[in-house]
Amino acid sequence: MRMMRIALRSLRVRWVSLLGAFTALALGVAMTAVMLLGLATAVSWPGGGGEAMVSLVAALGTAGGVSAFVSAFVVASTFAYTVAQRRRELGLLRLAGATRAQVRRAVLAEALVVGAVASAAGCVLGRLGAPAAVRWLTEVGMAPPGFTVDQRTWPLAAAFLTGLLVALGGVLVAARRAGRLGPLDALRSADLDTGVMTTGRWIWGLGLLAAAAGLIGSALLTDPVGLLHRKTYTVRPMVLVSACGLLAPALARPLLRLLGRLPARLSRWSGRLMRENAAAAVRRTGAIAAPVLVSVALTGSLAGAVDTVSASRTAEARARTGADFVLTPGTDTPSTDTPGTDTPGVGRPGLVESLRTLPGAVVSPTGPTRLALVEPDGNAVRSEARTADPAALAGVARLPVVAGSVAALTDDGIVLPLEWGHRAVGDPVPVVLADGRRVTLRVAAVLRDGLGDNGLYVTAANAPGSRTDRIDVRSAPGSDRVSLEAGLRATAARFGARVDTRERWLAATAPANGRTARLRIVLVLGLALTYTGIALVNILAMATADRRRELALLRLTGATRTQVVGLVTGESLLVVAVGALLGCAVAAVQLGAMNAALALLGSPPPLVLPWRPVGAVTAACLLLAAPGAALAALRTLRPRPVDAARG
């Protein structure tokens, strides 16, 4: 109880310094409450909801996980810097007779109070905001129509406990460091930024780097596809961000020397002072750079990952498509004199035969079917497949064949990717067809995996009920492409089909992770940037207020108020640039791992650089840092320099 009273008195004095941690934790708990309320309702939602429900669960899960990580990161960095600022105060407690354990308990008690109040506020915000959040998700198509959250209490209780755990977990290291301070050491080193990179910090930082390298290396060797999955490219940057956050004081110095050359050349006095101040106060530098690091790293990693996968799928589709023209179902009504049934489109009887009569046309019709491959353990794994005319498919498509030949496909054969485990041509493959019949087909060709879109191919004899939904047409060498296109369009018009050139069809069917994935990224990054802004402004205010005596001495040496404010602002912008560079390094590792995985899968690895979102986030951090540092400096300079220097 004694330590709790001391903690409450300390909070009454220093509540402004913990405002950023409080707000970030409250928002994190609110997001956790919304996520748990949504997931709890989704589990029991009648009617399933299909793809929209899957998108909702994915969006809530990703946002909740990232929210918990970023809020914990902000809480940990804020408390670590607060404890560092209070070395003199904690030293006085030790001199007054407090034991190491009592000092630790005092810091933990502060975190408990902040965590309890912030968690309670977050639960209220989450409960009030959940209906509006779900309504927005429904409007943008990420939740099924009519989806509403239930009135449940356990998700709020779970969110409250999560907030407490995040607060206590984030302050554990800071509390341990506070307890290790000796009274005389604390008083003697109160104004010195020494001992920042402790042995434990080096071990944890390098250990997390090694863990990230091990995860990436093992995935590249065993499961490259796993590196391209949303869950992994969301979690992996968190490990790297944690490692860089721990190593930031050591990494900051060389980066500051590099970035500080320009301001040092522009202004010999202030530029060098900016650089040297930031390099000397590595604890302050690391605290300011940390929120920028996490926001830039998550932005570059998540936005770059989505664009990388999408661009690779597009490149893969372009490489596979050898047709000059693609016919798909159209909306036009076929001519009444067209023979056959009343069903228009590419599946209409007689269309393929009519196309094959056109001079120079190589025609390859395909259609969808479902089948299940029976694994050695007896489990049947369902998959999408396509029917194909073997000779036509081999003449039009550019499939990534690694063994066998697509032209060798017969009614008792199958073409499949490497991921199914049947690598040798001629291997028997037990299959369950769409009508439930069990047959054994033999491997005619094996395709490279790519991103999983290379698919399975069988003949029409093994695809009961399948109807053609796409016809690829290639002009034979030496034929007149213009005349062929005119003939295709005339024939397609009679059957109600649509004709697109290769480029137009690829553009229309470009894999669009698109809208849903981007909305999910916007949701996640919006939360991360909110936390970043709060933490950045709060830590700048804390750090500048702590430099009152230093800034007063600058005034006494002849520096004007404007010069001092410019110095503090320029130093803050320099540190933000360091955080942005560290974030870009994390994103580069993430995207490099994904490109290596794509290369191993044989899929064209595109060079995707998310400059626009990363630049926007960095610019937002700079725009927050500049006025935040300037206002904090003006506030700190309000007392007379003589009074401030004396205090």
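Patches are made of residues with over 30% relative accessible area and no salt bridge; nonpolar side chains (Val, Leu, Ile, Met, Phe, Trp, Tyr) are joined within 5 Å, like charges within 9 Å. A salt bridge is a side-chain nitrogen of Lys or Arg within 4 Å of a carboxyl oxygen of Asp or Glu. This is a predicted model: local features need pLDDT of at least 70, side-chain atom pairs count only at pLDDT 80 or more, and totals for chains, interfaces and linings use all residues. Residues are numbered from 1 along each chain as its sequence is written, and side-chain values use heavy atoms, without hydrogens or water.

**View 1. W202, L206 and L209 make a nonpolar surface patch.** The patch covers about 260 Å² (Shrake-Rupley areas, 1.4 Å probe, only the protein chains shown counting as cover). L209 sits in helix 8, residues 199–222 (helices are DSSP runs of H or I, at least four residues, numbered from the N terminus). L209 is partly exposed, at 32% relative accessible area (buried is under 20%, exposed over 50%, partly exposed in between).

**View 2. Helix 19 spans residues 561–601.** Its 41 residues reach 60 Å from first C-alpha to last. That is close to the 60 Å expected at 1.5 Å a residue (1.5 Å times one less than the number of residues). G602 follows helix 19, with a positive phi near 80°.

**View 3. L601 lies in helix 19.** L601 is buried, at 7% relative accessibility. D449 is 152 residues from L601 in sequence, yet their C-alphas are 6.0 Å apart.

**View 4. Over residues 332–344, pLDDT stays under 50.** pLDDT is the predictor's confidence in each residue, from 0 to 100. The protein's mean is 77.

How values were computed:
Helix = DSSP H or I, 4+ residues; strand = E, 2+ residues; numbered from the N terminus. Buried < 20%, exposed > 50% of the residue type's maximum accessible area, 1.4 Å probe, protein only. Contact = heavy atoms within 4.5 Å.
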